[in-house]
Amino acid sequence: VAQMDMSFADASASYTLLTVGDGLVSQIPALIVSTAAGLLVSKAGLTGSADVVLFGQLSGYPKALGISSFLLVAMSILPGMPALPFLVLAGGTGFLAWQAGRNADQKRADAEAEAEQAEIDAQPKDEPIQTALAMDDLRLELGYGLLPLINKDQEAHPLTEQIKALRRQIASEMGFVMPSIRILDNIQLAANEYVIRVKEVESGRGKLKLGHLLVMDPRGMAI
């Protein structure tokens, strides 16, 4: 007041403006550092460029963008605050929140549709009637007691895998590609009975006892 020949009110106003301005200027480096730290934390553990990761995270939470838009609108109506910049930012964040919400709903609908389609595809399809009338080159018919042999949940290799291995071995050793073998269950057979058919003609029949071991004399003698 004495040095600059100012009134007390003018000196107080100038002092207030200078101190507030100095405080704001001194906070700019801290703001830059905190923004950079936030970007690094958002980018940590994720692949891709920083801008794609940042916008991806922002678009993944439309509620957060909506709250930010509401706060910007509230700040624009405060006395002494510039309304236009805050309203522009509020409109931008509000639009991003609306767009992100639409994208999230669309992704959710697509995921539900894919899940329903996967369930439909996983359901067993009925075998066409024409396949029952087709003639198989080789067919193995099993009684209901031998069906565990083709069960994939059993501890040992299922019969289907053993047949595939046998076909590969015959093809590699003899150069003969063995026709594919169709395996069916036949309720007309006994529980432990099986039948081998070639061109619908029975060529072999026998019985197997699951859980039992077959003992053979290598000399061909009776045991």
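User: Why are helices H3 and H4 called roughly antiparallel to each other?

Analyst: In this predicted model, helix H3 (residues 62-76) and helix H4 (residues 83-122) pack at an angle of about 160°, their axes lying 8 Å apart. Angles run from 0 to 180 degrees between N-to-C directions, and those over 145 count as roughly antiparallel; H3 and H4 therefore receive that description. H3 also passes H4 in a left-handed crossing, meaning that the near helix is turned anticlockwise from the far one by less than a right angle.

User: What makes the lining of the second largest pocket five nonpolar, two polar and two charged residues by class?

Analyst: The lining consists of Leu149, Lys207, Leu208, Lys209, Leu210, Gly211, His212, Leu213 and Leu214. Leu counts as nonpolar and Lys as charged, while the others, Gly among them, are polar; the classes are therefore five nonpolar, two charged and two polar. Lining residues have an atom within 4 Å of a pocket point.

User: How do you know where confidence is lowest in the protein chain?

Analyst: By pLDDT, the predictor's confidence in each residue from 0 to 100, helix H5 (residues 129-133) is lowest, at a mean of 64. Local features need pLDDT of at least 70, and side-chain atom pairs 80 or more, whereas totals for chains, interfaces and linings use all residues. Residues are numbered from 1 along each chain, and side-chain values use heavy atoms, without hydrogens and water.

Terms used:
1 Å grid on protein atoms, 1.4 Å probe; cavity = no way out; pocket = protein on both sides within 12 Å on 5 of 7 lines; lining within 4 Å. Helix = DSSP H or I, 4+ residues; strand = E, 2+ residues; numbered from the N terminus. Parallel < 35°, antiparallel > 145°, perpendicular 65-115°, else oblique.
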